[in-house]
Amino acid sequence: MINAGKWRWSLHALGCLAFAGIVAHVPAWSQQREPADLSIELVDPNVLRVCADPHNLPFSNEQGEGFENKLAAMFAAKLGRRIGYTWFPQATGFVRSTLGAHRCDLIMGFPQGDDLVQNTNPYYRTAYALIFKRGGDLDGISSLADPRLQQKRIGVVAGTPPATYLAAHGLLTRTRPYALMVDTRIESSAEAMVKDLGTGGIDIGVLWGPMAGFFGQQTNPPMQVVPLLKETGGPRLIYRIGMGVRASDQNWKRELNRLIQEDQSEINKVLLSYGVPLLDERDVPITDDSLSKKP
């Protein structure tokens, strides 16, 4: 799940986003013309065929525990279809080996604007975020330019966009890097960073927002997560995330856009339950309270 990517993705996709050339070159399959009616044959009317990573929480896993699993199940129910998965690690070759190979019809999360796939309308907007313990001298921090960071040990996933800002502020000597590309079957850089925050190995971390929110809410007490909204002059830290389909699948994209529009409130509730820091187009946080106040 954003270079946001090799979106592991988000780590691997996101170091991903920057998350954002996910892969340096568009694969050959995406440059080849497909028959105009190919999408009719490939989108199964009885099965929602999803392309997903089997070990990539909070996005997806084989046990169906990720928020992309929950959203896929919701869409399948709305469409009256069974759900089926093609599992593949979300790293280089993911799109080519899944959607591009016609083994599935939908990638549940993809940064808007990447030309490896055809994007649906975005269904959430989020950002890289600071994550730290509550109740300390970092309360109120909202930017990597904050002078308090000059005395802190900072964790960041190497190669992700926030590292550029840390370098610009002269903070790299105080930074502990975490690997971008890992075997997620046995390790997670995000989990390792949050563990180090808990034990005092670092004072503050910078993570892709959905990962910061998810792993930060699993600590006791939960970590503070603050989206980075004030950084300028470098790579983007805020992204719109949609779904990915093949370039030929115009009707399928329109159907998904309809579902996103009709079910946006339910989508937001699922994302918030996983701790995803959601932002509206004005960079105002979307919360459970703000959702309840809408007519």
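Predicted model: local features only at pLDDT ≥ 70, side-chain atom pairs only at ≥ 80, totals over all residues.
Contact here means heavy atoms within 4.5 Å. Residues are numbered from 1 along each chain as its sequence is written, and side-chain values use heavy atoms, with hydrogens and water left out.

**Confidence**
- The chain averages a pLDDT of 86, and 85% of the residues score at least 70.
- Over residues 1–39 the pLDDT is below 50, although this stretch has 164 contacts in the model beyond near neighbours in sequence.

**Helix 9**
- Helices (H or I, at least four residues) and strands (E, at least two) are DSSP runs, numbered from the N terminus.
- Helix 9 covers residues 264–273, and its buried residues (under 20% relative accessible area, 1.4 Å probe, protein chains only) are I267, N268, V270, L271 and L272.
- These buried residues pack against helix 3 (67–79), strand 7 (124–132), helix 8 (250–262), strand 13, strand 14 and helix 10.
- After helix 9 comes G275, with a positive phi near 80 degrees.

**Largest pocket**
- A pocket is an open set of points on a 1 Å grid over the protein atoms alone, where a 1.4 Å probe fits, with protein on both sides within 12 Å along at least five of seven lines; lining residues have an atom within 4 Å of a point.
- The lining of the largest pocket comprises 20 residues, and V225, L272, G275, V276 and P277 lie nearest its centre.
- Strand 11 gives the most to this lining, with 3 residues.

Methods
pLDDT = per-residue confidence, 0-100. Buried < 20%, exposed > 50% of the residue type's maximum accessible area, 1.4 Å probe, protein only.
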